[in-house]
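Here are my notes for your first look at this one. Have the model open and follow along.

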Amino acid sequence: MKEIAPGMPVNFSFYSPSIKVQVMQHAETLPGANGRYVGNAVTIEFVPEDAAAVERVREYVWHWEEYNDFTAVRKINHLRRGVDPESVAGILERVKGVDRRAAAKVSEVLEPDELLQIIEAEDVKDLARLPGVGEKRAQAIVEFYRNERSGRLFLYAANRNDRFRGLPVITEIDPAGDIEEQVWEHAARAQALGSPDPLSGEEPPGHTTVRDANLLNPLPMTPSLMGRSVYYPEQIELFAETLERIVVGGERLAGVDALRIQRGKIFHTADLPGVGAKTKARVMASGLLDDEYTFENLYAIPGVTEAQARTIAEAVYEKRVRSGRTEVRVP
């Protein structure tokens with residue numbers, strides 16, 4: 001667990017698809033650690049803010065390992081636990097198709113600096129001669145690190161169950177072009193991955209993340225365009241604006257509020273007893289924006305009870321008090 005440190009993004013990948021919702025809720029309410037659900041796998045990204053948050057992240061890992069062996073954490077930062085990312089094994093195991101046995105064989109004959117020199121020179125022949133590598137793996141290693149250096153960025157959307165919803169939607173970002181136009185085109189394509197009916201029980205559209213040219217993992221500290229069955233216009237506009245600040249302005253984001261672009265964010269960042277999936281869907285389908293979640297507006301939605309409206313409004317009120325904004329009224 002030595003690789004968990006304040007300010008450093010840590011990605012936890014889970015194998016079991018049955019725990020997505022539980023993991024997502026736990027991650028995003030973990031005090032002091034910014035967490036989010038990312039990509040088309042069961043992956044949570046944490047960014048511990050301080051030493052106390054580092055300990056909470058460790059406790060989170062231990063909780064899930066104790067909870068069920070099948071849902072235990074298998075990868076941290078997409079490497080095996082305990083692997084130094086700057087070692088020969090760490091450099092090679094990041095590449096898809098290079099397993100730990102091949103990496104271990106190379107570790108016996110090369111130092112990290114020597115390996116990096118060969119990779120930077122893109123010397124496929126020398127790489128292929130290394131024990132356990134071969135020509136195909138050598139090509140994959142060179143291509144992976146060429147992509148890492150390229151700076152190319154992509155919007156990547158995939159449904160949680162893309163086996164049934166089709167291939168991921170991928171859009172390369174042109175920083176010199178109109179970012180908002182590119183995001184709108186991408187969102188229109190990504191929305192086809194899910195049901196357009198906000199009240200349906202079917203899968204949502206692809207959760208869009210920003211990835212580099214390798215497309216393997218979401219880039220740390222970049223926003224995710226989230227939604228339930230539809231992408232609302234204000235979500236897409238906010239995502240495009242945030243993305244431009246990162247891609248063009250070089251801004252670094254932190255915190256769930258900054259990272260997740262979606263409507264109804266309160267449902268994912270607060271404990272709302274008595275408010276189930278159907279109630280959330282009704283609120284989302286009502287067209288209310290997040291800053292319009294007043295008791296009166298919520299109670300006016302057909303199917304939302306007085307108690308549920310009060311619970312949601314109180315949660316919004318408490319959140320606004322903490323952020324210095326108190327315009328939401330709770331009777």
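1. Strand S5 (residues 153-157) pairs with S7 in the antiparallel sense, over four bridges. Strands here are DSSP runs (E, at least two residues) and helices are H or I runs of at least four, numbered from the N terminus; two strands pair if DSSP finds at least two bridges between them.

2. A word on the source: this is a predicted model, where local features need pLDDT of at least 70 and side-chain atom pairs count only at pLDDT 80 or more, while totals for chains, interfaces and linings use all residues. Residues are numbered from 1 along each chain as its sequence is written, and side-chain values use heavy atoms, with hydrogens and water left out.

3. Zooming out, the open sheet has three strands in the order S6-S5-S7, with antiparallel pairing. S6 (169-172) and S7 (209-212) are the edges; each has a single partner strand, so one side of each is left without a neighbour in the sheet.

4. Now for Arg263: buried or exposed? Arg263 is buried, with a relative accessible area of 5% (buried means under 20%, exposed over 50%, partly exposed in between; 1.4 Å probe, protein chains only). Arg263 sits in the loop between strand S9 (260-261) and helix H12 (266-269).

5. Among the residues Arg263 touches are Tyr232, Glu234, Met284 and Tyr293, not counting residues up to four places away in sequence (contact means heavy atoms within 4.5 Å).
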